[in-house]
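Biologist: Could we go through this model together? I would like to start with the ligand and then move on to the protein around it.

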Amino acid sequence: MNTAIQRAAIVFRHPTVTDAGRIWRLVRDSGRLDPNSSYCYLLLCRYYSGTCLVAEREGELVGFVTSFLSPQDPANVFVWQIAVSPTAQGQGIATSLLQRLMELPVYRHAKRVEATVSPTNISSRRLFEAFARRRGARLAISNDGFPAALFPEPGHEDEPLIQISF
Ligand SMILES: CC(C)(COP(=O)(O)OP(=O)(O)OC[C@H]1O[C@@H](n2cnc3c(N)ncnc32)[C@H](O)[C@@H]1OP(=O)(O)O)[C@@H](O)C(=O)NCCC(=O)NCCS
């Protein structure tokens with residue numbers, strides 16, 4: 001008998017407004033990401049759905065990534081938030097989300113991925129490092145992100161800029 005645990009396949013797709021609440025909960029429960037209003041995710045799911053993806057397993061939303069093309073530079077993709085539910089982490093889901101994101105036709109002219117990641121968010125750093133390594137891309141970290149002083153709430157960390165150039 002095959003004793004290996006068979007995991008149901010992950011479905012990757014663009015979000016609809018009915019996903020907004022589940023994305024909002026995933027962010028809230030991550031304990032790592034800045035919380036935003038549920039309205040913010042409704043906006044994203046309606047107007048930026050084409051540059052966002054969700055990962056679903058057996059109907060359960062287990063991950064998502066939100067991104068947009070920079071209005072100033074159409075070669076620049078900004079990855080805003082990415083998260084995978086704790087029970088689904090470590091299975092390559094975030095890596096697949098990033099890979100599939102960059103395969104979208106809307107990003108065919110992209111030359112760079114940007115994101116900001118606080119220094120203590122090791123899993124996120126590792127994710128972007130592994131993504132860059134797999135693509136044979138160069139990763140640079142600079143202070144051109146958002147320094148702590150720009151955040152009105154006390155105790156927010158610096159958000160250095162990560163740039164991955166293809
Ligand atoms: C960051 C996050 C999205 C990674 O999701 P994931 O599906 O577990 O990531 P993957 O399985 O695709 O792993 C990607 C790489 O990161 C590494 N990694 C992931 N979590 C790690 C951890 N806690 N410590 C060290 N390395 C880690 C993996 O080993 C892998 O590298 P490899 O390919 O060289 O082995 C997930 O940990 C998460 O949701 N964290 C909370 C939200 C967050 O911080 N989001 C990022 C900021 S926007």
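Predicted model: local features only at pLDDT ≥ 70, side-chain atom pairs only at ≥ 80, totals over all residues.

Biologist: Which residues come nearest to the ligand?

Modeller: There are 22 residues around the ligand, and Ile82, Thr95, Asn121, Arg133 and Arg134 come nearest. The side chain of asparagine 121 has an N or O atom 2.7 Å from a ligand oxygen. For arginine 133, a side-chain N or O atom is likewise 2.7 Å from an oxygen atom of the ligand.

Biologist: Where does asparagine 121 sit, and is asparagine 121 buried or exposed?

Modeller: Asparagine 121 is placed in the loop between β5 (112–116) and α4. Its relative accessibility is 12%, so it counts as buried, the limit being under 20%.

Biologist: What does the side chain of asparagine 121 reach within the protein?

Modeller: That side chain reaches the backbone nitrogen of serine 124, at 3.2 Å.

Biologist: And arginine 135, where is that found?

Modeller: Arginine 135 is found in helix α4, which covers residues 122–135. With 39% relative accessibility, arginine 135 counts as partly exposed. Apart from neighbours within four places in sequence, arginine 135 is in contact with Met102 and Phe166.

Biologist: Changing topic: which residues of α1 are buried?

Modeller: In helix α1 (residues 20–30), the buried residues are Ala20, Ile23, Leu26 and Val27. Viewed down the axis of α1, the buried residues fall within an arc of 125°, so they line one face of the helix.

Biologist: Why would residues three or four places apart point the same way?

Modeller: An α-helix has 3.6 residues a turn, so residues at that spacing point the same way.

Biologist: What covers the buried residues of α1?

Modeller: The cover includes α2 (38–47) together with the strands β2 (52–57), β3 (60–69) and β4 (76–84).

Biologist: Let us take β4, then. What can be said of glutamine 81 in that strand?

Modeller: Glutamine 81, found in strand β4, has a relative accessibility of 4% and therefore counts as buried. Its side chain makes a polar contact with the side chain of tyrosine 41 at 2.5 Å. The glutamine 81 side chain also reaches the backbone oxygen of aspartate 34, at 3.1 Å.

Biologist: Which residues is glutamine 81 in contact with, leaving aside its neighbours within four places in sequence?

Modeller: Among them are Val27, Leu33, Asn36, Phe64, Val65 and Thr66. Val27 is one of the buried residues of α1.

Biologist: Where is there a positive phi in a residue other than glycine?

Modeller: Glutamate 58 has one, with phi near 50°. Most residues other than glycine have a negative phi. Glutamate 58 is found in the loop between β2 and β3, and its 72% relative accessibility means that it counts as exposed.

Biologist: Which glycine takes a positive phi just after α1?

Modeller: That is glycine 31, with a phi of about 70°.

Biologist: Finally, what does UniProt list for residues 10–153?

Modeller: The unreviewed UniProt entry lists those residues as "domain: N-acetyltransferase". Over residues 10–153, the chain is 31% helix and 30% strand, and the end C-alpha atoms are 37 Å apart.

Methods
Residues numbered from 1 in each chain as written. Heavy atoms only, no water. Buried < 20%, exposed > 50% of the residue type's maximum accessible area, 1.4 Å probe, protein only. Helix = DSSP H or I, 4+ residues; strand = E, 2+ residues; numbered from the N terminus. Arc of directions from axis to C-beta. Contact = heavy atoms within 4.5 Å. UniProt positions renumbered as here; feature names shortened; annotations may be inferred. Near = heavy atom within 4 Å. Polar contact = N/O pair within 3.5 Å; in protein donor to acceptor, adjacent residues only side chain to side chain.
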